[in-house]
Amino acid sequence: MSGLAELWRSDRVLRLAPAGAAACSALLPVAQVLLAFSYMDNDVRTGLWSLAATGAYLPLHLRHVWYAAHARRPPAGVWTFALMAAVILGATPLAGNMWPRSYAALVVSALLVLPAPWSYLVYVTVAAAAAPIGYALGLPWTSAPWLLFSVLAGSAALLLLVWLPAALTRLRAARELLAQQAVAQERRRLDDDLRRSLGRALESIAARGEQAGRALESVAAHGEQAGCGQLGGAVPEGLPDELASLADDSRRTLADARQRVRGYRRPSLRAELETAATLLAAAGIETHLELPRGGVPDAIAPQSRAALRATVTRLLRTGAVPSCTITVTSADGRPRLELRTGEATETIEIPA
């Protein structure tokens, strides 16, 4: 139940994070409109222009934020950004001396939509122009540095709010891809194992069965020529023994197949270890997997698998772990796992 609750909370964060980023991205433009009505040298006319321009560009900006928070580029994003830039820059002479604060939304959309290096060029140019344009609109030089700082700080805060859910989305997609790769790798391992063992046995049984079938056809043909209409010919020497041996080999192969299928129902220890190492490495944790020369057990018990996955999940959430070494050791003839992260070591027993 705790695992399901944790998964639900993780999914809920992924669902709510883009909406939170869009909501926070709308707060700064609303504050800009209020300043347009109330700041020095502004009046109702400049406030109305600011309100109209904000209502025109804000849906475009929130569209860019919504797509970026889902780790996607918006369709026709360059054109919507161009329209947004035309609205914001066109309203600059009319919407009051605090209107350059809206440039924060413009530079954020530039970084979210435009490809590099154009996005960086637009960011630097527009942010640097905010203070001189504010001064040209009547803003005192003492307030101009604060205006530049508000554009830089506001854009940085909005970008962090957008990039965080985008990073979570990419991390979830990477985990799903790793899980799919682990499944595909396990299927390849099972296919190779079946090909090496049962495949060769079945090919041998099929070849021997064909030879026995041809021998029986030859006996039947001799019987028909003799007018018996039955297997009246002489049975080749050794054919009964060959048929009995073939039946025994078929039964042994069937028993081997059943035993292997029962073993495949239990998860592979090597596959679990490789998946854990891949997940940790994808999260930026330097991971080393040390296996004994004699090999590792074929399967891992459910409780040991759950303990390994819980430890990996905790390391992924911690974020402060620089490296991790996963070692398969043996104590009193019983294998166990050791996960070393710096000075801390966690041991997981692997029951036989």
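How many bridges join strand β3 to strand β4? Six bridges join β3 (residues 334-341) and β4 (residues 344-349), and the two strands run antiparallel. This is a predicted model, where local features need pLDDT of at least 70, side-chain atom pairs count only at pLDDT 80 or more, and totals for chains, interfaces and linings use all residues. Residues are numbered from 1 along each chain as its sequence is written, and side-chain values use heavy atoms, leaving out hydrogens and water.

**The hairpin**
- β3 and β4 form a hairpin with two residues between them (strands are DSSP E runs of at least two residues, helices H or I runs of at least four, numbered from the N terminus; two strands pair if DSSP finds at least two bridges between them).
- In the turn, G342 has a positive phi of about 70°.
- E338 stands opposite T347 in β4.

**Helix α8**
- With 14 residues (269-282), α8 reaches 20 Å from its first C-alpha to its last, close to the 20 Å expected at 1.5 Å a residue (1.5 Å times one less than the number of residues).
- L269, E272, L273, A276, A277 and L280 of α8 are buried (under 20% relative accessible area, with a 1.4 Å probe and protein chains only).
- These residues lie on the same side of α8 because they cover an arc of only 130° around the axis (taken from the directions from the helix axis to the C-beta atoms).
- After α8 comes G284, with a positive phi near 90°.

**The aromatic pair**
- A search of the whole structure finds one aromatic pair (ring centres within 6.5 Å, using the six-membered ring of Trp; planes under 30 degrees apart are stacked, over 60 edge-to-face, the rest tilted).
- Y57 and W99 form this edge-to-face pair, 6.1 Å centre to centre with 80° between the planes.
- Both Y57 and W99 are buried.

Key:
Buried < 20%, exposed > 50% of the residue type's maximum accessible area, 1.4 Å probe, protein only.
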